[in-house]
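Okay, thanks for coming, everyone. I'd like to walk you through one model today, so let me put it on the screen.

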Amino acid sequence: MDDSIKEDKYQKIVRLIHSMDCMIISKEKVDMYDNIIIQLSELSDYKDANKLARECSELTKQVMEEVIVKTYKRAHEYKEKARTSNEYTLAAEEFRKIYGYKDSDNLSLYCNKMSVNIDKKIVKKRIFNITFLILCFTTIIIGASTSFAKYYYANICMITGTYNSSIKVFNHLGTYKDSEEKVIISQYRKGLKLKEDDNYKSAQNAFIEAESYKDSEELKVEMQYRLLTQLTNFEFNQV
């Protein structure tokens with residue numbers, strides 16, 4: 001390779017190195033530095049090619065360390081926000097990218113375990129719901145007009161989270177067995193579900209209907225606070 005070709009290649013490499021200062025920290029940046037080092041090695045002892053190669057090698061290590069830290073932080077964020085099986089799987093994949101760094105190995109295994117457990121719970125819940133629905137329909141067929149059948153049906157609704165139906169049927173049953181108490185329990189559980197859905201107004205109403213059951217009084221106050229916070233934030237955003 002004559003000097004004119006070397007010079008042309010050298011200048012292109014120098015310009016590329018300078019342009020990389022603006023690049024964000026990423027695995028792609030590491031790959032580019034690795035590629036530059038290979039190109040500099042082809043220039044042998046031309047000008048300060050060897051010095052630039054060493055500098056790029058140090059920059060590669062520095063960027064790689066930052067990539068690992070960034071990936072570790074992102075994986076932790078995925079893990080903390082994870083609620084579904086797929087979200088835990090995504091967190092596990094991020095931890096596997098930096099296998100061996102800090103506690104990434106253990107956290108990857110933990111996220112995989114959580115993903116599997118959630119999948120198992122979903123399967124169990126589906127089987128449970130199907131079983132209860134079958135029992136429910138069987139009960140209705142056997143004797144839908146009897147108080148016992150209605151009571152049994154209302155319990156199924158409450159267990160499977162169909163709280164509006166359980167409240168309606170238990171109310172209709174009146175003093176039959178513990179129907180009055182089950183109305184209050186259904187209202188309380190309905191409030192908790194609505195709270196999870198950020199439906200604070202309806203949740204507050206449910207906790208009011210739950211009277212003094214468990215921590216209904218405290219939750220009623222909490223819902224009022226959250227409603228006021230929502231209103232304040234809305235008015236602030238309109239300014």
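Before that, the ground rules. This is a predicted model, where local features need pLDDT of at least 70, side-chain atom pairs count only at pLDDT 80 or more, and totals for chains, interfaces and linings use all residues. Residues are numbered from 1 along each chain as its sequence is written, and side-chain values use heavy atoms, with hydrogens and water left out.

So, the fold. The protein chain has ten helices and zero strands; helices here are DSSP runs of H or I with at least four residues, strands are E runs of at least two, and both are numbered from the N terminus. Of its 239 residues, 31% count as buried, where buried is under 20% relative accessible area, exposed is over 50%, and partly exposed is in between, using a 1.4 Å probe on protein chains only. Take the contacts between residues at least 6 apart in sequence: 48% of them join residues at least 24 apart. Contact means heavy atoms within 4.5 Å.

How much do we trust it? The mean pLDDT of the chain is 85, and 90% of the residues reach 70 or more; pLDDT is the predictor's confidence in each residue, from 0 to 100. Helix α8 (residues 179–196) has the highest confidence, at 94, while α10 has the lowest, at a mean of 75. Watch residues 234–239: pLDDT stays under 50 there, and the model gives them zero contacts beyond four places in sequence.

Now the pocket. The largest one has a volume of about 190 Å³. For the method: on a 1 Å grid over the protein atoms alone, a pocket is an open set of points where a 1.4 Å probe fits, with protein on both sides within 12 Å along at least five of seven lines, and lining residues have an atom within 4 Å of a point. Which helix gives the most to its lining? That's helix α3 (residues 49–81), with six residues. Among the lining residues are Ile24, Lys27, Met64, Arg74 and Lys97.

On to single residues. Ser85 is in helix α4 (residues 85–97) and is buried, at 9% relative accessibility. Its side chain makes a polar contact with the side chain of Ser115, at 2.7 Å; that term means a pair of N or O atoms within 3.5 Å, one able to donate a hydrogen and the other to accept it within protein, and residues adjacent in sequence count only if both atoms are side-chain atoms.

Cys111, in helix α5 (residues 104–143), is buried at 0%. Leaving out neighbours within four places in sequence, Cys111 touches Lys79, Tyr88, Ala91, Ala92 and Phe95.

Ser216 is in helix α10 (residues 216–238), and Ser216 is also buried, again at 0%. Beyond four places in sequence, its contacts are Tyr188, Phe207, Ala210 and Glu211.

Most residues other than glycine have a negative phi. Asp198, in the loop between α8 and α9 (200–209), has a positive phi near 65° and is partly exposed at 46%. Lys214, in the loop between α9 and α10, has a positive phi of about 45°, and Lys214 is exposed at 61%.

Technical notes
Points joined across faces, edges and corners; volume = space filled by probe spheres on them.
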